[in-house]
Amino acid sequence: MNHAAGAGLLNPNAQLKVGNDTIFAWWARYQDAVKQGADAVNGTIGALLEDDGTLAINKVVDQAVRTAPPVEIAAYAPLKGLPAYLDLAKTLALGDHRTSLEAYGFSMTATATPGGSGALFLAAANFANPGEKVLLRDRHWGPYKGFLSGCGLEPEVYALLPENNDSLHPFVDIEDFRKKLGTMCSKQDKVMIWLNDPAHNPTGLSLTPNGRSALLEAVMESASSNENVGHTLLLDSAYHLYADEPHGWGQTILDSVEAGWPWPENLLITFALSLSKSHTIYGLRTGALVSLHPDEEVTERIGTVMGVTGRQTWSAAPRVAQFTVSEMHASIEGGKAWGLERDRLQALLVSRRSRLIEACERLNVPLNPTHDGFFAWLEHDEPQRIAEACAEQNVFLVPLTGGVRIGLCAIPLEHITRVAEALAVALT
Ligand SMILES: Cc1ncc(COP(=O)(O)O)c(C=O)c1O
């Protein structure tokens with residue numbers, strides 16, 4: 001494609017937008033292989049598929065959407081979201097810890113957004129100064145860069161894993177994190193951190209309680225010793241309801257409060273919630289930004305800012321899933337029935353992941369630590385070469401910066417061993 005075409009019509013930022021999309025390109029290669037009659041394995045896409053290759057759908061949500069009254073489908077939602085949905089969003093972000101945190105005086109605000117992507121956009125548009133940096137792990141979801149650059153921001157990164165894992169700070173390079181945060185604080189009067197945890201895309205990594213606590217402590221210390229620097233810790237909860245500890249962050253925040261850590265007023269925690277995966281309504285574009293702070297005036301102001309930003313960007317988020325999902329969770333039976341379906345879908349991921357870990361161990365494939373969610377990851381300096389070598393064996397994975405993403409969400413259980421075998425051959 002000629003990227004210079006239209007240069008006279010497109011502004012400089014628009015001209016930087018080149019069709020990414022490695023993931024779709026590799027998915028197309030998988031589809032071509034199938035068309036040519038190959039017994040191919042699809043580890044490319046980021047949607048949960050049943051073992052027969054069809055899209056996995058939470059039947060309880062599907063049923064609830066289908067029986068929504070016409071007016072709940074047709075009407076606009078209020079600009080910030082339906083009140084019942086905003087209330088539910090806080091509970092989905094924090095679980096049972098929500099009430100304990102409220103009892104400790106925390107105030108919360110939620111804004112309905114078109115998916116988790118909308119929540120990420122709201123944060124990028126409002127919590128950082130244009131021209132400055134946002135702190136990410138060096139392995140992260142590709143579109144983060146686009147959300148940031150669209151708002152004039154740049155990524156700064158710290159290492160995903162420490163060189164030597166230790167039991168106090170497992171799965172987080174806390175030294176590198178502190179170092180990068182410290183440098184940012186010396187140059188910016190606002191710092192924002194985006195952390196996709198638990199069930200990280202693209203690795204499937206989840207922090208342990210110690211890892212979460214070390215990270216929160218580092219952010220709180222940084223905020224306390226840099227009083228004039230606003231700190232926002234954004235927890236990207238795109239997959240959390242499929243994790244072993246879905247509300248681990250709520251627990252960690254509560255633990256810090258119960259331990260008497262003083263909450264710096266220049267610290268905000270915000271959750272970018274997505275119902276796309278947890279409720280299998282990817283296309284209904286429903287999520288929320290849920291922010292938490294001890295001062296109600298702060299959360300109220302944030303609620304206004306986010307509502308206005310949404311209004312100026314997409315108007316209101318779609319109504320129908322806000323209505324159906326909040327009605328469904330409002331009844332004990334509805335919440336239970338959803339949970340049973342969620343458990344069934346989670347079990348698909350657990351069995352695929354366990355089988356992959358076991359096969360990789362057996363075949364000496366150095367798979368990264370992986371715990372929850374849709375993906376697993378092989379760190380490698382030559383991801384393209386590894387993915388090509390797998391493709392020669394009709395196993396289609398996605399080469400990304402620093403490694404190869406294995407879409408467990410798409411791979412039928414019976415194909416998992418072939419993935420480990422293909423990686424083992426590719427690595428020789
Ligand atoms: C890490 C991560 N964050 C956020 C999202 C946003 O999801 P959506 O906008 O579809 O709700 C995704 C979707 O793939 C994701 O992988």
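**Reading loops, a ligand shell and a helix pair**

Q: Where is the place of Pro202?
A: Pro202 is found in the loop between strand 5 and helix 10; helices (H or I, at least four residues) and strands (E, at least two) are DSSP runs, numbered from the N terminus. This is a predicted model, in which local features need pLDDT of at least 70 and side-chain atom pairs pLDDT 80 or more, while totals for chains, interfaces and linings use all residues. Residues are numbered from 1 along each chain as its sequence is written, and side-chain values use heavy atoms, without hydrogens and water.

Q: Is the peptide bond from Asn201 to Pro202 cis or trans?
A: Most peptide bonds are trans. The bond from Asn201 to Pro202 is cis, with omega near 25°. Asp197 and Pro198 are also joined by a cis bond, with omega about -5°. Pro198 belongs to the loop between strand 5 (190–195) and helix 10 (209–225).

Q: What is the phi of Ser315?
A: Most residues other than glycine have a negative phi. Ser315 is not a glycine, yet its phi is positive, about 70°. Ser315 lies in the loop between helix 12 (296–313) and helix 13.

Q: How many residues surround the ligand, and which are the closest?
A: A residue counts as near if one of its heavy atoms lies within 4 Å. Here 14 residues surround the ligand, and Ser117, Tyr239, Ser274, Ser276 and Lys277 are the closest. Helix 7 (residues 115–126) supplies the largest share of this shell, four residues.

Q: Which side chains have a polar atom at 2.6 Å or 2.8 Å from an oxygen atom of the ligand?
A: For a polar contact, look for a pair of N or O atoms within 3.5 Å. Tyr239 places a polar side-chain atom 2.6 Å from a ligand oxygen, and Arg285 places one at 2.8 Å. Gly116 uses a polar backbone atom, 2.7 Å from an oxygen of the ligand.

Q: At what angle do the axes of helix 5 and helix 13 cross?
A: Two packed helices are described by the angle and the distance between their axes. Axes are lines fitted to C-alpha atoms over the stretch in contact, and angles run from 0 to 180 degrees between N-to-C directions. Helix 5 (residues 83–94) and helix 13 (residues 320–330) cross at roughly 65°, with axes coming within 9 Å. The contact (heavy atoms within 4.5 Å) is made by Ala84, Tyr85, Leu88 and Leu92 of helix 5 with Gln322, Val325, Ser326 and His329 of helix 13.

How values were computed:
A polar contact is a pair of N or O atoms within 3.5 Å; within protein, one must be able to donate a hydrogen and the other to accept it, and residues adjacent in sequence count only if both atoms are side-chain atoms.
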